[in-house]
Amino acid sequence: MPRVLELLLRGPGPQKWQSTVSGTALAIDVQAGGLGRDTADYIARCMRQIAGVDAVLTSERRITG
């Protein structure tokens, strides 16, 4: 978790953080706003390089109005 948080602190920081442990697996759900697409992609690539990380999924919320 500290390595993931360190990456997110390059921006404005996470708006939501939820982590759960199931057996030996740790799942982290993070929402961070104010990141440009390039920055978000960079952070995801860095997370994928952390030892023990199996998957990093990203999504983008579009604000309409």
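The side chains of Asp-41 and Arg-37 come together in a salt bridge, 3.4 Å from N to O. The term here stands for a side-chain nitrogen of Lys or Arg within 4 Å of a carboxyl oxygen of Asp or Glu. Keep in mind that this is a predicted model, where local features need pLDDT of at least 70, side-chain atom pairs count only at pLDDT 80 or more, and totals for chains, interfaces and linings use all residues. Residues are numbered from 1 along each chain as its sequence is written, and side-chain values use heavy atoms, with hydrogens and water left out.

Both Asp-41 and Arg-37 sit in helix 2, four residues apart, which is about one turn of the helix. Arg-37 also forms a salt bridge with Glu-60, and here the closest N and O atoms are 3.7 Å apart. Arg-37 is in helix 2 while Glu-60 is in the segment after helix 2, so this pair ties together parts that lie 23 residues apart in sequence. Put together, Arg-37, Asp-41 and Glu-60 are linked in a network of salt bridges. As for cover, Asp-41 is partly exposed because its relative accessible area is 28%, and Arg-37 counts as partly exposed at 37% relative accessibility. The cut-offs are under 20% relative accessible area for buried, over 50% for exposed, and partly exposed in between, using a 1.4 Å probe and protein chains only.

A search of the whole structure turns up three salt bridges. One of them pairs Asp-29 with Lys-16, with the closest N and O atoms 3.9 Å apart. This pair links distant parts of the chain, with Asp-29 in strand 2 and Lys-16 in strand 1, 13 residues apart. Asp-29 counts as partly exposed because its relative accessibility is 36%, and Lys-16 counts as partly exposed at 33%.

## Overall layout

Zooming out, the protein chain has two helices and two strands. Read from the N terminus on, its elements run α-β-β-α. Helices (H or I, at least four residues) and strands (E, at least two) are DSSP runs, numbered from the N terminus. Along its principal axes, the C-alpha trace spans about 45 × 20 × 15 Å. Of the 65 residues in the protein chain, 17% count as buried.

## The largest pocket

The largest pocket has a volume of about 1200 Å³. Its lining takes in 36 residues, and Val-30, Gln-31, Met-47, Leu-57 and Thr-58 lie nearest its centre. The elements giving two or more residues to that lining are helix 1 (2–8), strand 2 and helix 2 (37–48). Strand 2 supplies the largest share, seven residues. Sorted by class, the lining has 21 nonpolar, eight polar and seven charged residues. In this scheme Ala, Val, Leu, Ile, Met, Phe, Trp, Tyr, Cys and Pro count as nonpolar, Asp, Glu, Lys and Arg as charged, and the others, Gly among them, as polar.

A word on how pockets are found: on a 1 Å grid over the protein atoms alone, a pocket is an open set of points where a 1.4 Å probe fits, with protein on both sides within 12 Å along at least five of seven lines, and lining residues have an atom within 4 Å of a point. Grid points are joined across faces, edges and corners, and the volume is the space filled by probe spheres set on the points.

Met-1, Val-21, Leu-26 and Ile-28 make a nonpolar surface patch of about 360 Å². Patch members have over 30% relative accessible area and no salt bridge, and nonpolar side chains (Val, Leu, Ile, Met, Phe, Trp, Tyr) are joined within 5 Å. The areas come from the Shrake-Rupley method with a 1.4 Å probe. Leu-26 belongs to strand 2 (residues 25–31), and it counts as partly exposed because its relative accessibility is 44%.

## Loops

Pro-12 lies in the loop between helix 1 and strand 1 (16–22), and it counts as exposed at 61% relative accessibility. Its C-alpha atom is separated by 22 Å from that of Ala-27, 15 residues apart along the chain.

The loop between strand 2 and helix 2 holds Gly-33, which counts as buried at 19% relative accessibility. Gly-33 and Ser-59 are 26 residues apart in sequence and 11 Å apart in space, C-alpha to C-alpha. Ala-32 lies in the loop between strand 2 and helix 2 too, but Ala-32 is partly exposed, with a relative accessible area of 31%.

Conventions:
Patches are made of residues with over 30% relative accessible area and no salt bridge: like charges are joined within 9 Å, nonpolar side chains (Val, Leu, Ile, Met, Phe, Trp, Tyr) within 5 Å.
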